[in-house]
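Subject: Structure handover and notes

Dear colleague,

I am passing on the structure we spoke about, together with some notes on what was found in it. Please have the sequence and the model open while you read.

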Amino acid sequence: MLNSPEEEVLAKACDAIYKFASKGDENKVTLLGLGVVEPLFKLVSHEDPLVRRNATMAFGILASNNDVKKLLRELDVTHSVIARLAPEEDIVIHEFASLCLAHMAVEYTSKVQIFEQGGLEPLIRLLSSPDPDEFNDLHVEALAVVANCLEDVDTMQLIQQTGGLKKLLSFAEMSSIPDVQKNAAKAIAKAAYDSENRKILHEEEVEKCLVNLLGTDNDGSKAAAAQAISAMCENLASKDVFGIQGIPQLVQLLSSENEEVKEAAAIALANLTTASPTMENTNLDILSIEPLINVLSAKRDGTIANAATVLTNMATQEPLRLSIQSHGVMNAIVEPLQSTNSMVQSKAALAVAALGCDVDARTELRNANGLEPLVKLLHSKNDEVRRNACWAVMVCATDELTAVELCKLGALDILEEINLSTGRKNNFSEGALDKLLDNNLSQKYSQMGYLSSSNIITDGFYDYGQVIAGIRIWSLESLCSIIMSSTLPAWCISSFF
């Protein structure tokens with residue numbers, strides 16, 4: 001029927017094929033096996049508008065199948081499909097021609113063909129079409145093609161030079177179609193993985209567009225915008241802009257009920273605050289602390305890990321660190337320390353190292369039973385987790401009460417074992433061991449046989465007698481509870497002169 005000389009038969013045959021192909025991928029495979037693609041392709045350029053429309057609709061649906069796409073590339077259909085984007089064509093033809101190109105633009109060779117055969121200009125022009133609901137699919141599909149093309153620097157430069165990039169950003173910002181906004185943000189994110197593309201996007205003030213998308217009503221658009229901000233943070237100029245303009249909106253998104261939005265916001269905030277030379281100029285303030293601490297108990301590991309990273313970065317500013325500590329952060333960090341996810345473990349331990357530099361914070365962690373999971377992380381086979389756990393132990397061992405408790409939990413034994421291994425020891429394992437001994441002088445003297453000139457003996461110090469490494473000495477309380485006998489002499493000195 002696709003070879004019929006009658007236009008009415010052709011139109012009905014194309015319509016039937018379209019409906020059959022729409023039922024699923026299995027039907028598309030069947031049609032491919034029946035040899036439908038070649039005769040259908042000829043009808044895409046038929047002189048009759050109805051035949052042309054129905055053929056293009058069927059073509060657009062079929063193009064989602066990988067085997068069909070392969071055949072389309074062999075037939076070199078790109079030029080004919082781009083021709084269907086002409087202004088005089090029916091809007092339905094525009095929609096399905098764009099759909100066909102969107103499927104094909106996933107492949108690099110097809111992307112190049114679309115670019116070389118002048119397909120970008122009509123696609124960008126379609127984005128400027130009016131915006132009633134009959135245009136939803138058209139905008140989404142046209143944007144999908146442009147998005148795939150934005151990944152290549154040469155294409156990005158061309159789109160910028162022709163003014164298309166500015167139109168694209170304006171369209172994404174002003175559109176009322178959630179899928180358009182979401183896909184535009186995703187397109188920016190994909191393009192921003194290339195450093196040259198990031199420079200171009202910054203020149204076109206992409207930051208303004210993305211910040212505005214954070215305020216939309218659609219969760220998909222918000223998450224995609226946050227992901228694009230994360231990607232653009234590799235550009236320091238963009239990072240500075242987002243640090244001032246985007247942080248309040250991102251912090252607000254941490255309270256979203258949508259877990260994807262919450263995670264995307266946390267990642268963006270982590271990227272914005274990591275290795276930022278202008279950290280003190282960001283809008284992260286006391287109001288940001290509670291939402292960040294709250295998401296330490298979120299459902300997604302990525303959310304928790306990145307929230308911990310932001311708190312760690314904020315702790316470099318002393319006023320913020322003190323405020324974070326006053327919000328009960330050490331109680332909240334205990335659960336992440338017990339996570340089975342190595343990324344969460346690592347970031348949680350690093351947060352303890354950053355926030356545990358005050359006695360009140362260490363006391364809070366000790367009272368919250370946070371030292372035990374921290375010590376367990378010293379056993380980790382993950383180098384980063386073990387390194388950060390050693391760092392945290394070194395910080396926490398600064399005061400005697402915490403150092404003694406860490407020793408009771410076995411930290412000293414584990415650190416001695418780590419330091420004997422060339423593959424497991426790290427920059428902080430030796431420092432952590434020294435700190436534990438320096439704040440547990442009775443243990444140090446019994447084990448080492450000497451004290452350093454910087455070690456100050458205070459009330460409670462006692463000489464247990466020499467022990468070998470790995471043997472824990474008994475506390476004075478434990479020794480006093482032993483019933484004396486002639487075979488177990490002990491001396492107790494109650495004061496020093």
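This is a predicted model: local features need pLDDT of at least 70, side-chain atom pairs count only at pLDDT 80 or more; totals for chains, interfaces and linings use all residues.

Residues are numbered from 1 along each chain as its sequence is written, and side-chain values use heavy atoms, with hydrogens and water left out.

Helices and strands are DSSP runs numbered from the N terminus (H or I, at least four residues, for helices; E, at least two, for strands). The axes of helix α16 (residues 219-232) and helix α19 (residues 259-273) come within 8 Å and cross at roughly 20 degrees, where axes are lines fitted to C-alpha atoms over the stretch in contact and angles run from 0 to 180 degrees between N-to-C directions. The two helices are therefore roughly parallel to each other, a term for angles under 35 degrees. On the α16 side, D219, K222, A223, A226, Q227, I229 and S230 meet E260, V261, A264, A265, I267, A268, N271 and L272 of α19, contact meaning heavy atoms within 4.5 Å. The residues of this contact divide into 9 nonpolar, 3 polar and 3 charged, with Ala, Val, Leu, Ile, Met, Phe, Trp, Tyr, Cys and Pro counted as nonpolar, Asp, Glu, Lys and Arg as charged, and the others, Gly among them, as polar.

Helix α21 (residues 301-314) packs against helix α24 (residues 342-355) at an angle of about 20 degrees, with their axes 9 Å apart, and that makes α21 roughly parallel to α24. T312, which lies in α21, is buried at a relative accessible area of 12%, buried meaning under 20% with a 1.4 Å probe and protein chains only. Leaving aside residues up to four places away in sequence, T312 touches K347, L350, A351 and A354.

N27 sits in helix α2 (residues 25-33) and also counts as buried, at 18% relative accessibility. Its contacts, again not counting residues up to four places away in sequence, are F20 and A21.

Residues 245-273 are 79% helix and 0% strand, with end C-alpha atoms 14 Å apart, whereas residues 369-393 are 68% helix and 0% strand, with end C-alpha atoms 14 Å apart.

Key: Angles under 35 degrees count as roughly parallel, over 145 as roughly antiparallel, 65 to 115 as roughly perpendicular and the rest as oblique. Buried means under 20% relative accessible area, exposed over 50%, partly exposed in between (1.4 Å probe, protein chains only).
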